[in-house]
Each structure stands twice: as C-alpha cells, then as structure tokens.
Amino acid sequence: MIGTFAVPSFDSAEKPRTSFFDTQARSVLNFTAASSLDLCVRRLARRQGYAPSHPRAFQEATVSLPAFSTQAELFSMAGLSCHLFGPTDRYRLFAQVVYPAVVAARGDLEKCYCPDNGRVAVEPVLMVGVSLLQYLDGLPDRQAVDMLRYHAGWNFALNRQLGDELFHPTTLVNLRQRLIEHEQSALGFKTILDALAAAGLVWRPSRQRLDSTQMFGLVSRMSRLDCVRESLRLALQELDGSIGPEARPGFWLELWERYVESQIDYRAGSEALGRKLVEAGTDTGRLLAWARGPSENTLAWGPQLLLLERVFAEQFEMSAATVAPKNKADLSSDRVQNPHEPEATYAVKGEGPKKKEHVGYKVPVAETVTQAELKPGEPTENFLTGIVTHAAHESDEAGAEKMEAEQAAMGLDKPPVHYVDGAYVSAEKLAEAQAEGRSLIGPAASAPNNNGGRYTTEDFQIEVEQRKAICPAGKENRQCSRLEEQVTGKVTYRFEWSTQCANCPLRERCVGPEQKHRSIVVGEHHSALQARRREQKTEAFGQEMKHRNGIEGTQSELVRAHGIRRARYRGLAQARLQNYFAGAACNVKRWINRKVWELLQVEAATVPAVS
C-alpha cells in the first residue's frame, strides 16, 4: 500500500519562483543548459564561494498550467520558445494541444489522493505528462527523470524550467500503483481519446479495424518440474517467516534442504527428472495436508501457499494415497506457468514452422479507418480507439467482447463497419451485426472437411429459415430436425436425405461407406455464414478487406516504437496500464504529426510563388 498524500495545490496563474542562484546558473548556461547544467552549476558555485544545493536532491513541487506568456521571466523556457522551439516543433505542439488535455483531467486524478491528509504529493498532472513523454521516447523511469534535468524540450512541453526541483523515479511507480488501485488505469488513454474527439479527429461512431497481438510476460517459461519446485520453495519461505520452529512439521528440514538450499541437476536423464516431479508432487501433498490439518495452522495460509495449492491441483491427480502427474494432454492452458507471475498464461498459434508459443497476455487493438486517399507525405488520419489486455489463453472473440465493453465505457458507439480477420467471424457474430444494422467485414472459416474428402456443407444450398436444403445432385432434403442442447441452449438443425441417396450417381463423393444416406448439421445462423463464404470469393470483397491490412502496421508500430511486445512489469493490471500509456503515446505521436503536416501545408500555401 502507498502512504497517504494530500492533493497539491494547482494554480494556473502561479509562476515558478527562482532563487538568485538559479537565475545566475541559467545566465551562465545561455541556452545550452540541456547538456551541461550540472557542470555549470558547480563552476558557478566555486566562483561565488558557497556550496550549491545538490541537483540530485528529489523534492516534490506543484506545476502550473502551460501558458506561453510574453511576461515570463527572461531565461525561462517560455521566454526562449521562439528561439528553440519553432511552430512545428513536437515539444511546442505537445505543450499546446496535449498538455492542456492532461490538465483538464486533473479532477479524475484527484480521486487517487486524500484531499486534506498526508504530506503534499508531487503534482499528478506533471507525472502523467512525464509518463506520456516516457512512452513516446521509450524510456525507463530513471531516464525519464534525467530528461527533466537536462532536456529543454521535455521541460518546455511540461511547462517547467531547467533546474526546477525534481522527484525520485519511484514516484512514477507510486503513480501507476495509485491509478491501478483507484481503477484509473485507462485515464491517460481516455484523456487523449477525448481530446482527439473534441478536435474532430475521432468520431464516436466510426469505421474501425481490430486485431490482436501477443505480449510476453516479465518471466521465463518454466518446465513442469521447475514450476512445482519454485512454487514449493516460495511457499516454504513464506511459512518460514510466519510460523515458529515449534509449530513446523517434522519433515520441515527435509523439504527446506531439498527445495530451498538445493537445485536440480538438469544433466540428469528424462526418467530421473520424471521421478523428481513425482517426488515434488508427493512433498507438496504432504505440506498441504499438514497446512489443512490442525486449526492452529490456518494462519499459515498466505498467497504463496494458496498458489501452491492451485499448482498442485493443476499438475497432479490423487489416487488413493499416491500422487501422480497428470498427462500432458490433460493440462489446461490457463494453468500457472511461472509462480512469479501466475496471471501470465500459455498460448499457441499456428502449426509447424509457423507455430508461435508464448507465456504472457494477448492485446487486441482497435483503430479508426478513413477511406480518403492520403496525399504524398501526409501522415495517417487513423487513431487508436481501444487497447485491451487479457489472458493469453482466452480466445479472440472474448477479446472482442472486452473491447466492446471498454469502448462503451469510454463513450464510443459500436462501429458501423468493422474490419476483422477470420478469428472474429462466426455465424453468431454475423447474425448479431446484421440485426444491429452493422457490417462485420472479415473472412469466414471454411467448412471442416471431416468426411474423408467428400462434399462439405459449402457444397449444399441451405436455407435454415425455410428448413430447406439442396444437395450437390439437386435433390431437396426429406427431413429437418431442430436440436437444442439443454445445458448451453445452443440450437442446431439436421437435414437428411433418407431415400434419395441409394441410386445417386454422386453417392461415392457424398456418402461415407458406413452411411446409409447423407445428413448434415448446421447452426441456426448458418444462412449468414453461407452468404459470407460466397461473398468472400468475390473481387469486391478482396478490395474491401484491404482496409483491414493497416492494423498490421499499427501493431508493428506499437511493438517497435512503444514496447508492447514485452511487459515492463509483472501482473495483468500492470501490463494493462503499460499498454494504455503505450496506446496514448501512439495517439499523441500521430496527433502531433498531423498538426505538423497541417502547419506545413498552411505555410506552403502562404509563401508566394517564385518566378
């Protein structure tokens, strides 16, 4: 838990106070303070005969609103703006269009602080601004604070001056924790998205495209033996600090020596490692049985012991008094892969040489789609409208549902046209979009060919609503049955050709050797699926699907420029917060690029033609 902090005062008319020492230091720097502040301060101190306050001393300070006033002090960053930062400079544009939006969100930031108790905190508006610049430039916390010390552009963008008091890098850690605890993780992303909507760059109902990418957790992938042994070690260390020697079981020293003070020799063969897995499972069962025993041991149940119980249930099965590892095929994909980050799960995509495996999370990304053709050199007009982080083992359809809920919480309507890939297209989703008057543009999966290479459902003309189906030989079905599962309520229809198949010339290509006649089973929304399978074979559909291709470039941008491929922090909540800031930084970059291009177009239009 983070200590109690009072909300710092925030006065838009307040001007930063400067001491005589600070003014003299800035005079010596003479516009080059960004690279040599520390050296000049120390030289000036020696000439004046007194010791300076150490520039590395971190103190908390308030921040005023960004204002480009001609009344600013002589050597402030605002006073130097015309010399250092031109109209198309990205730091000037950040200060003009982005930072005011962050200031406007201060009311939401105040919810993370106590209004009248505790010491005054570092201004949260400043820290959110630092976080946006940090993800724009791909910097860790310590380097981000160093940029405030040396970088003129950062200080200008955040309405600061070179030499202003700094804060410790762990203050950014505390800010992230506060945002998570108060359910404000999406604040930075939503703030920028609302500002884009206010600027007319994002429409609430707009065409969108959606796809997901993988995110590796901040842990290594462990073998089953490593996972069980490490979970057991963490549980023993947790118990060691919570129970005294007199309350420990008789086998304590044996387990401590085996799992805390010793390591596995991985040069051993597979049979020896298999015996070690059985041994670890047996020892885990002994420890859990002891912990469940007498009532005085109930206080020993901490998070690591609870995690050990979960790992034991996922990896082993009990039969009588013996413990045996589960078969690999019986292991679930949502099992614990590494006890240091139990929320990071396993996922696999593709087969053979294209097979991709990872332990971590899945990140669906949605962005707007503009149909207007861009001019040469014109930056994109598309902006991110949602970025979700969920467990890697969950399906893409589950991610799409989470995206829909997130966008609704941010005030966005469902897109009237949605471009997706085949993982998001199903008969149910097509029928749902059609009923809501929306278009779901994406290829449907082909019918499964599980009949020995014979005709599939794609070769039949099926009209579920009329309970009618025509086979490849042109014969209509004789019987149609409606089937409903009692548990799930799923409805399917079975069509049968009971008398037409006996003398049919296409029998060998349609009916199996052990079948008397052909029958097929389809879902209640099969008509929509059948129509999409036919539509996606047309040239017009291929042209329309080109609008989806841009999401691949957006994912590459987020991975290469903003680091969403690997989690910076452990835990789903921390990874989600990281991706929100990465998405906000991507939108800020695109927004600034659009502003630069627009300013250059205006400048080019006003320059008289040279004869």
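This is a predicted model: local features need pLDDT of at least 70, side-chain atom pairs count only at pLDDT 80 or more; totals for chains, interfaces and linings use all residues.

pLDDT is the predictor's confidence in each residue, on a scale from 0 to 100. Over residues 12-75 the pLDDT stays under 50. For that stretch the model has 101 contacts beyond four places in sequence, a contact being heavy atoms within 4.5 Å. The protein chain averages a pLDDT of 85, and 85% of its residues score at least 70.

Of the 611 residues, 45% count as buried. Among the contacts with a separation of 6 or more, 70% are accounted for by residues 24 or more positions apart.

H20 covers residues 550-562, 13 residues in total. From the first C-alpha to the last, H20 reaches 17 Å, close to the 18 Å expected at 1.5 Å a residue. The buried residues of this helix are Ile551, Thr554, Gln555, Glu557, Leu558, Val559 and His562. After H20 comes glycine 563, with a positive phi near 70°.

Strands of a sheet pair through backbone hydrogen bonds, in either a parallel or an antiparallel manner. In this protein, three strands form an open sheet in the order S14-S15-S16, with antiparallel pairing. Strand S14 (479-484) and strand S16 (519-523) stand at the edges and have a single partner strand each, so one side of each is left without a neighbour in the sheet. From one strand to the next, the twist averages 20°. Strand S15 (residues 491-496) pairs with S16 in the antiparallel sense over five bridges. Phenylalanine 495 stands opposite isoleucine 520 in S16.

The last stop is a loop residue. Histidine 168 lies in the loop between helix H8 (152-157) and helix H9 (170-181). Is histidine 168 buried, exposed or partly exposed? Buried means under 20% relative accessible area and exposed means over 50%; histidine 168 has a relative accessible area of 32%, so this residue is partly exposed. Histidine 168 and valine 122 are 46 residues apart in sequence, and their C-alpha atoms are 9.9 Å apart in space.

Definitions and conventions: Residues are numbered from 1 along each chain as its sequence is written. Side-chain values use heavy atoms; hydrogens and water are left out. Helices (H or I, at least four residues) and strands (E, at least two) are DSSP runs, numbered from the N terminus. The expected span of a helix is 1.5 Å times one less than its number of residues. Buried means under 20% relative accessible area, exposed over 50%, partly exposed in between (1.4 Å probe, protein chains only). Two strands pair if DSSP finds at least two bridges between them. Axes are lines fitted to C-alpha atoms, for helices over the stretch in contact, and angles run from 0 to 180 degrees between N-to-C directions.
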